[in-house]
Amino acid sequence: MGVGYNPPPEKRPMGTPYDPAAIEPFWQEWWAAQGYARVDTAGPKDLYMLMMFPYPSGDLHVGHGRNYILGDCLFRSFLMQGRRVLNPMGWDAFGLPAENAAIKRGIHPREWTLANIARMKAQFRRWGILYDWDKEIASCEPVYYRWNQWLFLRMLREGLAYRGQAPVNWCSSCHTVLANEQVVGGSCERCGTPVVQRELEQWFFRITAYAERLLEGLDRLPHWPEKVKTMQRNWIGRSEGAEFTMQIAGRPNLPGLQVFTTRPDTAFGMTFAVVAPEHPLVAELTTPEQRSAVETFCERVRHSTEVERLSTEGSLEKRGVFTGSYAVNPFNGRNVPIFIADYVLMSYGTGAIMAVPGQDQRDWDFATAHGLPIIRTVQPPEGWEGEAYTGDGPAINSDWLDGLDVATAVQRATAWLEEKGIGRRAVHYRLRDWLISRQRYWGTPIPVVYCERDGIVPVPEGELPVLLPTDIQFAGLEGNPLAKSASFVAARCPSCGGAARRETDTMDTFVDSSWYYLRFVNPAVEDRMFDEERVRRWMPVDLYIGGIEHAILHLLYARFIYKVLSDFGLVPGDEPFPVLFNQGMIVARSATSGKLEKMSKSKGNVVAPDELIERYGADTERVYTLFMGPPEKECEWTEEGVAGAHRFLQRVWAMADAVQAASGRAGEAEATARLEVARHQTVKRVSEDLARYKPNTAIAALMELANSIAAAASTASGAALAEAYETLLRLLHPIAPHITEELWRARGHESSILTAGWPSYDAELLARQSVTLAVQVNGKLRATVSAPRGTSQEEAVNLARQAAARWLDGKVVVKVVHVPDRMVAFVVRG
RNA sequence: GCCGGAGUGGCGGAACGGUAGACGCACCGGACUUAAAAUCCGGUGGGCUCCAGCCCGUGCGGGUUCGAAUCCCGCCUCCGGCACCA
């Protein structure tokens, strides 16, 4: 026994009621004192499991519990199976809410964050969740964020971080720019404010350089949900095609217009070309007669929001204007008018397209709206009544491509462009570089200074970390408080020693979470980003559990940074999380809409764990959370369900007395044997169900065992009852840890049930049991017969013949199917 | 529009192509109780019949198979993601 061991009463008096409040805190303290979750990462690796580290918002509801309860259930079962498991927890501690709280209530973000961490830690403990707290990390600590800065500098050196001018997403409510991934439907992911485009100079990570590898890596992740992989594939958005340059008619001095298309086969059908309003050639292409129309149009586009620009009305109208210039289609030498239209985006491809209305609906719409000709270059199928035709078919109106199918024509056209030296095969991605600058205080300072003489100068590694200043006033402030801290902004140029201005932007907090899992193996390490030697042994994470909301954001960034670190030679392999499990949301009926929705205060459907634990205990919450449905599915929280879970635990509790009372009884042989079989079967089922992440069916099996024990309480032998009951307790422990510890102790065991080992089952005993065979006649179930497992076909068919005699008499049996130990099927005629 | 996922009793949900509805909730009946709650025991897909049985049932329509909730084709509905990406 460890230090501080404080034993519970040796034996509960008979009939003691189940009072979770009286037992749960004791065990929580005891587990912590015993350090069951502690693992020495200096030793060899066995298993590394991880739940996505949370943002310490402070408010936890039962919906949040799902992730952690599932993780703890698996963790405890691993421990009982004798595995050495690294199961750490930390805090994604930088972020906007802390700063907003500071502005609103005058508390420093750090204080607010640390208080929330303390609250959440206490909540985990009340849930009976075990972590190796020796490994705890918080991303807001200099010892952590210093390495964000180090990573940034290293990436800057390798050309993977850069400062660039680009139209970026600006949220006027959060007063900061956002990454593309943080804009949902044209609005800020966090606050819902419509995002506006601003042309700003910002810091980027060159994630696009890894687009192909991020895509390819997905194929090597068989244990990721298909859904997440699909979402990432769509987000990266690879498209293959060709790029080529068109001369501008009568303007030999101009560089030519470069376009990207996935359908070079349709080039003979080009009837116009389109450039984006932001295209650098716009001014050159615009003829004097068209100047005022073009300027008016571009001005209008500049002032429209993302939402307006992408609105459906726009897509019907196809807003655009003629430049006055013509491009020469290299395929047939014809001149086509060049338009400016807002349906072409500067940020994709070359910002210019060849328009083929016959094969592209957007071009069709534009052509129709502007009275431009339409030439089909792929023969649509007979009876085609649609507009643009995008399917396969023989090429027409295309000179030397005529008659070829699309794939072949694409090949041929691309080859032709390459031969002529006017174009080449090209791949473009939808993925944009990751904008990491944020104009906020509570994040990692970007470690550069701006010097009048030397320009952008990185802070030398030896001067890291660039610390967040603490003397900051938040109240009544708008914008980035760092920019208003004179002492922070004033810096010396590391290069020339002259006066310089410090960068005041901080990093997107997704930088923090893209590598935190590497730090857990040795969180104290100070002179390196992480302990490479241990990381080499403990990575990858064998099981990563978290919500689907991070399908793109966190999981894409983390994969990217891991590949970068892999290229730096710092981590093994190139995928950090080979196994991913996404738990579903817990929803509840909203008080305002009446619909099932995610729990939130504004919807009045939040169930607070504290009240629930007070009333029923943490074990009840755990049982219900794990029982309500398969963990990957969305499930509805209901009060009745909670009561049912509690009833089950109460039954298990009350059963202790009956089992005790039967001690020493010889019992009836048949009832005893039946109970034994039930016990072995349950061990098998629960072990298998937990292994495939199905605690819901594992609990169903445990309920059945409890029912079997209750049914045999006055008939089976005392020894068999005790064995069955203790097995029930051990199998139930990962699900309901407190009650099982208490009952285990009450049965006289001195050490924790966590150390009692995982029960095993006798496969041979189960194999000896008789099975029920279904008897079908012409596919309909007509009888069942009981037979020993492994009964021969001949014998099984004989038994089945007798049982189904009624349906076989006077008929001719044409065919007999026998599935061993399952069923016999007769096919009859007449 | 494109890409995923899902449609099973009154409800949450179980079912390697082989007894559909495990387990739980809710409901009904019974026991205990002066009574109620709690607890315990039993019942519970629909229909026809009745104590044996029969028919119909997994969103809809087809198909494969001795046999389909499960596999294939075509629809419908819901949920999620992406959406003028050339």
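Me: In which strand does Thr-261 lie?
Reply: This is a predicted model, where local features need pLDDT of at least 70, side-chain atom pairs count only at pLDDT 80 or more, and totals for chains, interfaces and linings use all residues. Residues are numbered from 1 along each chain as its sequence is written, chains are lettered from A and ligands numbered from 1 in the order in which they are written, and side-chain values use heavy atoms, with hydrogens and water left out. Strands (E, at least two residues) and helices (H or I, at least four) are DSSP runs, numbered from the N terminus. Residues 257–261 form one such strand, and Thr-261 lies in it: E11.

Me: Is Thr-261 buried or exposed?
Reply: Buried means under 20% relative accessible area, exposed over 50%, and partly exposed in between (1.4 Å probe, protein chains only). Thr-261 has 9% relative accessibility, so it counts as buried.

Me: Which residues does Thr-261 touch, not counting residues up to four places away in sequence?
Reply: Contact means heavy atoms within 4.5 Å. With that rule, Thr-261 touches Gly-241, Ala-242, Phe-244 and Met-354.

Me: Which residue caps the N-terminal end of H13?
Reply: A polar contact is a pair of N or O atoms within 3.5 Å; within protein, one must be able to donate a hydrogen and the other to accept it, and residues adjacent in sequence count only if both atoms are side-chain atoms. Here a side-chain oxygen lies 3.2 Å from the backbone nitrogen of Ala-407. That oxygen belongs to the capping residue, Asp-405.

Me: Within what arc do the buried residues of H13 fall?
Reply: Val-406, Ala-409, Val-410, Ala-413, Thr-414, Trp-416 and Leu-417 are buried in H13. Seen down the axis, they line one face of the helix, because their arc is 155°. The arc is taken from the directions from the helix axis to the C-beta atoms. The value is 155°.

Me: Which strands do the buried residues of H13 pack against?
Reply: The face turned away from the buried side carries the exposed residues Ala-407, Gln-411 and Glu-419. The buried residues pack against two strands: E10 (238–246) and E16 (423–429).

Me: How many bridges join E13 to E14?
Reply: Strand E14 covers residues 335–341 and runs antiparallel to E13. Gly-320 stands opposite Ala-341 in E14. The number of bridges is six.

Key: Two strands pair if DSSP finds at least two bridges between them.
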